[in-house]
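Hello,

I am passing this structure on to you. Please have a look, then read my notes under it.

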Amino acid sequence: IYNIYIESTGTHIIATIPLMEVTGLLFGNRVLNWYGRCLLVDVTNGLVSELNIHPGRKGFVKSLFSRSADRIDSVCGTISQISPEMAQNLKKTPRSGWKDVNFKPTDYTKLKISEASGFWTERLDFDGVNYWNMEKYYPYELYPAARKLPSDSTLREDLVYLALRDETNGQIWKEKLENLQRKDRKLRGAHH
């Protein structure tokens, strides 16, 4: 469980992430898939979003004999209002204790506001209206900082020489850095 506090708005959010599965470690293509339930609880506004990723997923043995009807990246879920009892319980519980709060569907399913559907790799719709589409909304592009900190790893002399294809000087600077690190580790060990 992740506890998120947005200071600028005073919003408290509790988030759980679904399970992750990595396949193809021994042979075949390596693939990362998500499955299971993901909860986002906005305690301040009394809202909860429950998303089920790959809801038709079958267990290991069943998956050997038949395929799931839905795609592995499918998502369905709801946005609901939290029952007043649950909202009061969350507001009374200190943020450090939120990990112990157990969410049950009866706490919010009767107060459904919207239904979600889609695919986490492509698009997400709420009540049939598309709110996110990979073809429309591209990830934010990051650019290198104009002024880097002296400790930025891209400024390491060994890496600079290696990028210039000067392996001799790159190796010299790599050894200097390693010797400096060994000296630092020895000094830290002497003081503990």
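Predicted model: local features only at pLDDT ≥ 70, side-chain atom pairs only at ≥ 80, totals over all residues.

The protein chain has an average pLDDT of 82. Of its residues, 82% score at least 70. Confidence is highest in strand S8, residues 123–126, with a mean of 94. It is lowest in helix H1, residues 60–65, where the mean is 55.

Start at the hairpin. Strands S1 (residues 2–6) and S2 (residues 11–15) run antiparallel, and 5 bridges join them. Ile6 stands opposite Thr11 in S2. There are 4 residues between the two strands. Gly10 in this hairpin takes a positive phi, near 75 degrees.

Now the cores. The largest nonpolar core has 9 residues. Its members are Ile14, Leu39, Val41, Val43, Val48, Ile82, Met86, Ala87 and Leu90. H2 gives the largest share, 3 residues. In soluble globular proteins, nonpolar side chains tend to be buried together.

Last, look at Glu50. This residue lies in strand S5, residues 47–53. Is Glu50 buried or exposed? Its relative accessibility is 13%, so Glu50 counts as buried, the cut-off being under 20%. Which side chain does the Glu50 side chain contact? The partner is the side chain of Arg37, in a polar contact at 3.4 Å.

Best wishes

Key: Residues numbered from 1 in each chain as written. Heavy atoms only, no water. pLDDT = per-residue confidence, 0-100. Pairing = 2+ DSSP bridges. Core = buried A, V, L, I, M, F, W, Y, C linked by side-chain atoms within 4.5 Å. Buried < 20%, exposed > 50% of the residue type's maximum accessible area, 1.4 Å probe, protein only. Polar contact = N/O pair within 3.5 Å; in protein donor to acceptor, adjacent residues only side chain to side chain.
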